[in-house]
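Let's take a friendly walk through this protein together. Have a look at the sequence and the model, and then we will visit a few places one by one.

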Amino acid sequence: SFARIFLRNCINIGLPLVELPDSCDISEGDQLEVDFGAGTIRNLSANRNDAIPPWPPFMMDIIHCGGWLNYAQKHLISGDKHENL
């Protein structure tokens, strides 16, 4: 687990972060596939799926832009109005 401020700081610099449920069994070397929007983590090595909290669309946008600064510049330049900005 980690503090909410740590999560937001990671998002702000474009670093995706996952908090795994206690039931999630991952071993070193396992290949994972994470879908932040759907809220799923798939262990390809163990053929297992687990649920994680899905991210809101604006957080996904920040990650896709490479961080909050790039997100803000993109939307300020384009003139988009985002209530979460």
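Cys10 has a relative accessibility of 5%, so Cys10 counts as buried; buried means under 20% relative accessible area, exposed over 50%, and partly exposed in between, using a 1.4 Å probe and protein chains only. Cys24 is buried too, at 16%. The structure holds 0 disulfides, a disulfide being a pair of cysteine sulfur atoms within 2.5 Å.

This is a predicted model, in which local features need pLDDT of at least 70 and side-chain atom pairs count only at pLDDT 80 or more, while totals for chains, interfaces and linings use all residues. Residues are numbered from 1 along each chain as its sequence is written, and side-chain values use heavy atoms, leaving out hydrogens and water.

Next, follow the chain to helix H2, which covers residues 57-65. Helices (H or I, at least four residues) and strands (E, at least two) are DSSP runs, numbered from the N terminus. Which residues of helix H2 are buried? They are Phe58, Met59, Met60, Ile62 and Ile63. Just after H2 comes Gly66, with a positive phi of about 90 degrees.

Helix H3 spans residues 68-78 and includes Leu69. Leu69 counts as exposed, with 54% relative accessibility. The C-alpha atoms of Leu69 and Ile13 are 8.0 Å apart, although 56 residues separate the two along the chain.

Finally, look at Leu32, which sits in strand E1 (residues 32-35). Leu32 is partly exposed, at 38% relative accessible area.
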